[in-house]
Amino acid sequence: MEEIVLDVPVQPPTELFLPVPKKFLEDAYKGDDYLVLVGPQHPGSGHMRIILRIKGDVIVEAIPDPGYVHRSMEKLAETRLYIQNIPLFERPAIMDTGNVTLGYVRAMEKALDVEVPERAKYIRVILAELSRIGTHLYDAGILAVFLGHTTGFMWPFALREPIVEAITRISGARITSSFIIPGGIRRDVPWNVLEFVRKTTFVLERRLKSFEKIFIKNPTVIERLKEVGVLSREEAIRFGLVGPFLRASGVEYDLRAVEPYEVYDSLNWEIPVSDEGDSYSRFLVRVEEISQSISIIRQAVNELRRIPEGKVISEDILQEYAEVASADIRGFFFRVFGELTLPLGEFTSLTEASRGTLLYSIISDGESNVPYRARVITPGWYYLKGFMEALRGERLADLQAIYGSFGYFPPEADR
Amino acid sequence: MSDDSVDFLHSGPLAPLKKWGTKWSLWPVHLVTACCGVELAHAYASGYDGERLGSLNYGIARQTNLIIVEGAITRKMARVLKITYEQMPEPKFVIVMGACGLKGGLFWNGYHMVRPSDVVPVDFFIPGCPPTPEALLRAIRSLQEKIVSGEARNTIEFEKYDLSKINVRGEQPLKPPSPKHYSPTPPIKVDVPKEVDWSFGKKLIAELKSDLEGLYKSITITDKNRIAIQAEKDDVVALASKLSKRFDHVKNVNVIDIPHEYSFIVEYQISSYSVKELMPVVVNLFARIPRNNPRFPSLAVFWPSADYLEREMYDLFGVWFEGNSAMGERFLLAPDTPEFPLRKDRKLREEIYSEVE
Ligand code: SF4
């Protein structure tokens, strides 16, 4: 087999135009519709290009051109140790750190068949739900930017600060914590930090009430989002929508309930569902999920009161280091994980990340200490198709509202 | 404008006024190139309020004078970065955020990465992954100083550590093992059977077996809620038309390259949204195809949700999904990327861990 080196130097572009596929130009030229290019540099968040065919001001067809943030994660994963891939696979959506790392780690745990200590499970859930609230708020802020509502951007980002602070106190990093490792978490979380997390939820709850007045129930916002970009239940299923966007179209599907992981089946929470399928209900479902997450976090902190501190990493993983490292892995990390090898086979984990289903599929050859192939599909990549279909038949001016309501985040979708 | 008036602007009696004006009106264009954008948003929101430094994000390149490159620049984005830069009026500045923008950071040996400094002239780099909002605001302050004094100053010197002296709880931290262990001709099997306590699965398998009689090679339970169906490529369409009555969407389209066996494995992982009992079940329908003629029937007619996933797999592996109208076109990759980069014979540079002084 001849080897080809991928290390090809990049030539900075010399001509300054973006190539538009010829066939679209010819089609538009012959027909009576316009071709409008949105992006890649546009006033929203993240970069992708949407090629729109417009008749009058109605969108006839939306053609996506993704890949502007494609950072070759799946290939890179094949050259790194299993354990080094945790930070790599956190990068699709760093604000969602709890959920994205949990997905990858769970795929490894499935292969290794290890049981995680109960205390670690609850702390993982807290981290995942904090990230979920953070991501929902992030997307609410970006939606506000899309609608030109600056106050609506400032509020959720101010609300994100206490969440970021809580994640910092738990893990030591503001955004990219990589705190979840196979068999548990990096180190135990002391009681005063958990108390801080619990208090944070009350701050969030109170300030969300004002956000509701300012943005969520704001008549202009409702007017912009209601009955815009509607996807029916059948369409949502056909195009494979995920997460809150699927639930907004009336399908009660939440992986935390469908295939419960960690301790979600022992906590009390509800799955918000709406039947409208429009942009506003997509937004409302996510707002409602924030209150559910707040309640999950409080329950988890309460449960942690009864579990003694000191054991957060599974002994099956630590083996001879179980004595010294079960509450804190520092100093022993590569001793424990350096030669980690998974058994032969394919291991698929499904996780409910903030924006929906997150799939990791690790194919291991049973011999190497790197994955043979690691497949990751992020929520953004799943709902891109539904997003494009939602644009069809809408007015050009509603593009921003639909884009924002999906919270489409290109670094996540392109990986 | 003649050269005289340009000189007058830059060094005439009003030059300090112009510098002062530029200093307090640095407007970055919206160019959220990657995940560092999260911290940029924080820097300009109420927590850190970047606006008090006279700097505020703005949507249109032609009315801005600063680009903050927010992390990774890909081959596809490099062109956009250049075009945006060219559109901006003089004087203009570039700040690059994040380890990715310096030398690629976490993705340094990726096939789709570009260093921003190869594309545009850079004034300041901010280290970090992602850098904190404070660090970003410090870069803006440094740029303001540079505008007034004309000199770029380094604002941070990293301390040098002697790695051999670091000691955590009596132990010297270990480096990651290097080089890594790659098995040269590993066995690959995606349907390793597993004994699980799953009575619904046993029932489902019996139903599937009678339903799909004669079309499959084997049906295996690989884990709780996971079933693998092996088939011949020619039977896949018939299988899909039967399976699509139970399972309504695709969760994954995947290709595995096995050069030492001269084949690709193509997988479709399917599941259901409409039937409650089937929701957690993921069925993996897979078949082997020869590596020198990688063609596979497109199943997007049964499951429209497979469309973009098939296009992605064509981009990365070159498997031609017959029936998908977009085959032969690039989707995610930039035009100048080497083709089919995920095949095993395409090599990335290896990382080596060594002690540096
Ligand atoms: S430096 Fe880190 S946070 Fe920034 S773009 Fe790169 S990976 Fe993302």
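User: Thanks, so where does the ligand lie?

Analyst: The ligand lies between chains A and B. Before we go on, please keep in mind that this is a predicted model, in which local features need pLDDT of at least 70 and side-chain atom pairs count only at pLDDT 80 or more, while totals for chains, interfaces and linings use all residues. Residues are numbered from 1 along each chain as its sequence is written, chains are lettered from A and ligands numbered from 1 in the order in which they are written, and side-chain values use heavy atoms, with hydrogens and water left out.

User: How many residues surround the ligand, and which are the closest?

Analyst: There are 14 residues around the ligand, where being near means that a heavy atom of the residue lies within 4 Å. The closest are B:Cys35, B:Cys36, B:Ala99, B:Cys100 and B:Cys129.

User: How does that shell divide into nonpolar, polar and charged?

Analyst: The shell holds 10 nonpolar residues, 3 polar ones and 1 charged one, if Ala, Val, Leu, Ile, Met, Phe, Trp, Tyr, Cys and Pro count as nonpolar, Asp, Glu, Lys and Arg as charged, and the others, Gly among them, as polar.

User: New topic: is helix H3 of chain B buried or exposed?

Analyst: All of it is buried: 8 of the 8 residues of H3(B), residues 37–44, are buried, so the helix is largely enclosed by the rest of the structure. Here buried means under 20% relative accessible area, found with a 1.4 Å probe on the protein chains only, and helices (H or I, at least four residues) and strands (E, at least two) are DSSP runs numbered from the N terminus.

User: What covers the buried residues of H3(B)?

Analyst: The cover, counted by contact (heavy atoms within 4.5 Å), includes helices H5 (118–147) and H6 (150–171) of chain A, along with S1, S2, S4 and H6 of chain B.

User: And S4(B), which way do its residues point?

Analyst: B:Phe93, B:Ile95 and B:Met97 point one way from S4(B), whereas B:Val94 and B:Val96 point the other way, and all are buried. Because 5 of the 5 residues of S4(B) are buried, this strand too is largely enclosed by the rest of the structure.

User: Which strands does S4(B) run parallel to?

Analyst: S4(B) runs parallel to S2(B), with 5 bridges between them, and to S6(B), with 3 bridges; strands pair if DSSP finds at least two bridges between them. B:Glu70 stands opposite B:Met97, and B:Ile95 has B:Phe124 of S6(B) as its bridge partner.

Notes:
Buried means under 20% relative accessible area, exposed over 50%, partly exposed in between (1.4 Å probe, protein chains only).
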